[in-house]
Amino acid sequence: MTRKKDGATEAARHMFDADRAARGLGIELLEIAEGSAVLRMTVTADMVNGHGIAHGGCVFLLADTAFACACNSHGPVTVAAAADIDFAASAREGDVLTAEAVQRVGFGRSGIYDVTVRRGDEVVAEFRGRSRTLRAAPD
């Protein structure tokens, strides 16, 4: 894994390490830098739906986790305000999916991030997330 050695990306790494849902699906954090992240997941038999293809919710969870890592790489606790996904291709058991998240714009406490999920060079899904940084809790 490649990562910038500063407090902001360390905060995102800590958030990822505490994410039991991501760990349960075997998601791996490959790279993190300010405003971006790359994660990987192998589609297992438990992730396949009744049509024999990867459940869209699992693909969404991979993209959402990449989004969370990218938007929390700035340091303050940041959450999703909204997100949507477009599926371009089906994934199947054994496929290795990579999600690359990139910040497009930040304004005030809000941000917009795009995540591309790929199987090799093929795009499986495009995800757009809108983030909101939480205000610090009063002491």
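## A polar contact at Ser110

The side chains of Ser110 and Arg132 are joined by a polar contact of 2.9 Å. This description rests on a predicted model. Ser110 belongs to strand 6, which covers residues 110-119.

Is Ser110 buried or exposed? Its relative accessible area is 18%, and buried means under 20%, so Ser110 counts as buried. Leaving aside residues up to four places away in sequence, Ser110 touches Val105, Ser131 and Arg132.

## The largest nonpolar core

In soluble globular proteins, nonpolar side chains tend to be buried together. The largest nonpolar core in this model has 32 residues. Which of them touch the most other members? They are Leu39, Leu62, Leu97, Val115 and Val117.

Several elements give two or more residues to this core: helix 1 (7-17), strand 2 (28-33), strand 3 (36-42), helix 3 (56-72), strand 5 (96-107), strand 6 and strand 7. Helix 3 provides the largest share, with nine residues.

When residues up to four places away in sequence are not counted, Leu62 touches Ile27, Leu39, Arg40, Met41, Leu97, Ala99 and Val117.

Leu134 is found in the segment after strand 7 (122-133).

Leu134 has a relative accessible area of 45%.

Conventions
Residues numbered from 1 in each chain as written. Predicted model: local features only at pLDDT ≥ 70, side-chain atom pairs only at ≥ 80, totals over all residues. Heavy atoms only, no water. Helix = DSSP H or I, 4+ residues; strand = E, 2+ residues; numbered from the N terminus. Buried < 20%, exposed > 50% of the residue type's maximum accessible area, 1.4 Å probe, protein only. Polar contact = N/O pair within 3.5 Å; in protein donor to acceptor, adjacent residues only side chain to side chain. Contact = heavy atoms within 4.5 Å. Core = buried A, V, L, I, M, F, W, Y, C linked by side-chain atoms within 4.5 Å.
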